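The sequence and structure come first, followed by the terms and the findings.

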Amino acid sequence: MTPTIVVGFFILLQNYLLMQTCYHQILTLSLLLCCRLMLPDDANFMGNVHGGIILKMIEEAGSIIGTRHCNTQNGDRCLAALVRVEKTEFLSPVFIGEVVHVNAEITYTSKHSLEVQVKVIAENILTGAKKLANKAALWYVPCSLQNVDKIMEVPPIKYASAEKEEEGRKRYEAQKLGRMETKARVEEPMPHTVGFSQSSLIHLVGPSDCTVVDFVYGGVAMKLMDEVAGIVAFRHCGTNIVTASVDAINFHRKIRKGCVVTVTGRLTFVSNRSMEIEVLVDADSLVETQTGKYRAVSAFFTFISLDKENKPLNVPPLKIEGDDEQKRFEEGKSRYLQNKARRLAEKERQQ
């Protein structure tokens, strides 16, 4: 089969599914079925559909059925907000060209929350074979559209038996306890420390990121680095921030298609009006596992803080913790003074 025929087949099939079933088929108020054809953009370079795509479809189905159910009563219109996802089982891989059917059902309601259980069926439309791909349980609370902090009451559902209701109540109590325990374990570092603003971004390198010989474009790496540096700067000062300069960017090794890149940024030095952020890019190949993780790119970005009129603002001082942070701070200060002296010298020459 030629590439043109394959592409044409997918386009025709996608249009058919959009007309027939991409819209949501309502079974009852507590049941929902929706489906979608898996396309190349949904998968990795090996043709396996990303788990995130499936999770997104699961949540969309849960949000639709939860919102619809909670708006069957009088009062403020509301939107079902996701608060917890129980352990999700990925039972079978899903591939490009398969049709994914997402079945969602409301299985329990408390006064202010509801449980939605979801099953994902993958169908090979050429052979008719179907397989159970995923199972998940999600919990939602209805938030008023007039005041998002206001939690609405949930209309009760009818249970098949008293045993089913009791099982749901036990699941409700267990998830409530789990959420409270998790919330108690969350400990935020002190503001204006290196740890408070340090940020990472993980990116799977795909075909669109690469040249014709499957190496990542330098611009792709630099864009990711600037994004992470911007997040670090914003977390530190909480204002509008812009890139002021970038020191020499060192591309140590090539990054190939199929690598997972981890981009990490951390503050190294802060002056009155600027922040120096060290950004490191590490790559780890999913195909050539024997190579291991390696440092691919490194650089120092400088950001400044701006007010509403785009004028420079003072930056909160950096709280240093430990000898390593102190050493990096002194090295950053040295670079800052050298760059400042260089700018003054260039300014004098221009005069």
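## Helix α5

The expected span of a helix is 1.5 Å times one less than its number of residues. Helices (H or I, at least four residues) and strands (E, at least two) are DSSP runs, numbered from the N terminus. This is a predicted model, in which local features need pLDDT of at least 70 and side-chain atom pairs count only at pLDDT 80 or more, while totals for chains, interfaces and linings use all residues. Residues are numbered from 1 along each chain as its sequence is written, and side-chain values use heavy atoms, with hydrogens and water left out.

Helix α5 has 20 residues, 218-237, so at 1.5 Å a residue it should span 28 Å. The C-alpha atoms at its ends are 29 Å apart, in agreement with that value. Buried residues (under 20% relative accessible area; exposed is over 50% and partly exposed lies in between, with a 1.4 Å probe and protein chains only) in α5 include Ala221, Leu224, Met225, Val228 and His236.

## Asp226

Asp226 is part of helix α5. Its relative accessibility is 27%, so Asp226 counts as partly exposed.

In contact terms (heavy atoms within 4.5 Å), Asp226 touches Thr243, Phe301 and Phe303, leaving aside residues up to four places away in sequence. The C-alpha atoms of Asp226 and Val263 are separated by 9.8 Å, with the two residues 37 residues apart along the chain.

## Salt bridges

A salt bridge is a side-chain nitrogen of Lys or Arg within 4 Å of a carboxyl oxygen of Asp or Glu. The whole structure contains 15 of these salt bridges. In one of them, Glu98 pairs with Lys131, with the closest N and O atoms 3.5 Å apart. Glu98 is in the loop between β4 (89-90) and β5 (99-109) and Lys131 is in strand β7 (residues 130-144), so the pair ties together parts 33 residues apart in sequence. Glu98 counts as buried at 9% relative accessibility, whereas Lys131, at 24%, is partly exposed.

Glu153 and Lys111 form another salt bridge, the closest N and O atoms being 3.9 Å apart. This pair links distant parts of the chain, 42 residues apart: Glu153 in the loop between β7 and α3 (162-185) and Lys111 in the loop between β5 and β6 (114-123). Glu153 is partly exposed at 44% relative accessibility, and Lys111 is exposed at 53%.
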